[in-house]
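Hi,

Here is the structure I promised to pass along. Have a look through it first, and my notes on a few spots follow below.

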Amino acid sequence: MNMEFDEIRPYHDEELPQIYEELIADPAFQQVASAVFPEVPFEALAQKMRTCKTKLEFQKAFCYTILKRFARDTTQGVTLDLTAQTDKTSAYTYISNHRDIILDSGFLSVELIDKGMDTVEIAIGDNLLIYPWIKKFVRVNKSFIVQRALTMRQMLESSGRMSRYMHHTIKDKNQSIWIAQREGRAKDSNDRTQESVLKMLAMGGEGDIIDRLIEMNILPLAISYEYDPCDYLKAQEFQLKRDIPDYKKTQEDDLKNMQTGLFGPKGRVHFQVASCINEELEKLDRSLSKPELFSQISALIDRRIHANYRMYPGNYIAHDYLSGTQAFAGHYTAEEKKHFTDYIDQQLARIELPNKDLPFLREKMLLMYANPLTNYLATRTDNPK
């Protein structure tokens, strides 16, 4: 087994018994597990963990149950359409827009299990691994670690290793992967693939840039939440960044975003898989400069994601508010409009800032709901496959 990946990869199944014991002995993990499963004595949970021989068994025994509960309690239904994924046996790299820190990949894996498929390995930033037990838990849960806050040289080394690991995972393990199209969530929901993500993917593998990306079997994935529970926190962050030039989020902020995203109401949630981009990659001019090539590939992924959003009344209402028109009035009722505007008012009331700039904050929140529609409409003039 390649030891190069030991620091970042998920645990091998044979390592699980030792990690289970470390988690079971950790008071912080005990506290969280008991809060999540209050009806089950912790010793019974520990015994159940010990019976899970593989990461997938662990996911089905614990994570699946927890995520199903979140879906039941905080959404009006989670759906996944895999029609465009014609081959269900190959391994793919799902590249998606990023709405929720935990649930984007979590709900995807749950829906895949419900369709009789394997779960995905998940790319997760080490900035979220705030406590030792979290780092162990996510690696049991098929996550691999994206290292952040490195020097330029360390970043190059780390990106190269992660790319080689991802190529190994797709090609040798036949294991699908989920990765966000950018580092962190798009605070304004104007989803764009960062070229740095594609450059990282093209560091591993064989051949030229096109060959290396074809090896990754990239499937763009559009994630549409009817409501984003963190919308008011994102709006608040926009004002803080505007007013405080060197503003930086704290670990406490990350925790609050995770907690709000998990427990807040999300309305309807839909995952739409677009077709694999390999055919389009083959058609690209390989003599193009690297910057032009990466620019074209990121635009290709963006079009696939934008064309596959699912629109909800709030997207149309927000767009009409910002444009000062009734262009999309046929897409929502008066009742839906009142419900959405009341929702925005309630979320704005949750923002705690001493110098609250309400017009600015309202515009930022409306943009979060209008931008997916703006981007979707732009694909209508294109080939929206």
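A quick word on naming: helices here are DSSP runs of type H or I with at least four residues, numbered from the N terminus. Also keep in mind that this is a predicted model.

With that in hand, let's start with R242. This arginine is part of helix α10, which covers residues 231-243. Its relative accessibility is 40%, so R242 counts as partly exposed; the class runs between the 20% limit for buried and the 50% limit for exposed. Setting aside residues up to four places away in sequence, R242 touches D357 and F360.

Helix α15 takes in residues 334-349 and helix α16 residues 358-380; their axes are 11 Å apart and the packing angle is about 125 degrees. Because of that angle, α15 is oblique to α16. The crossing of α15 past α16 is right-handed. Which residues meet there? On the α15 side you'll find F340, Y343, I344, D345, Q347 and L348, and from α16 come L358, L361, R362, M365, L366 and Y369. Sorted by type, the residues of this contact come out as nine nonpolar, one polar and two charged.

Is N315 buried or exposed? Its relative accessible area is 6%, so N315 is buried, given that buried means under 20%. The N315 side chain reaches the backbone oxygen of Y369 at 2.8 Å.

Last one: S109, found in helix α5, residues 103-114. What does the side chain of S109 reach? It reaches the backbone nitrogen of V120, at 3.4 Å. With residues up to four places away in sequence left out, S109 touches T119 and V120. S109 has a relative accessible area of 7%, and therefore is buried.

- N315 with the backbone oxygen of Y369, at 2.8 Å
- S109 with the backbone nitrogen of V120, at 3.4 Å
- the right-handed crossing of α15 and α16
- R242 alongside its contacts D357 and F360

Cheers

Technical notes. Residues numbered from 1 in each chain as written. Predicted model: local features only at pLDDT ≥ 70, side-chain atom pairs only at ≥ 80, totals over all residues. Heavy atoms only, no water. Helix = DSSP H or I, 4+ residues; strand = E, 2+ residues; numbered from the N terminus. Buried < 20%, exposed > 50% of the residue type's maximum accessible area, 1.4 Å probe, protein only. Contact = heavy atoms within 4.5 Å. Polar contact = N/O pair within 3.5 Å; in protein donor to acceptor, adjacent residues only side chain to side chain. Axes fitted to C-alpha atoms, helices over the stretch in contact; angles between N-to-C directions. Parallel < 35°, antiparallel > 145°, perpendicular 65-115°, else oblique. Left-handed = near helix turned anticlockwise from the far one by under 90°. Nonpolar A, V, L, I, M, F, W, Y, C, P; charged D, E, K, R; others polar.
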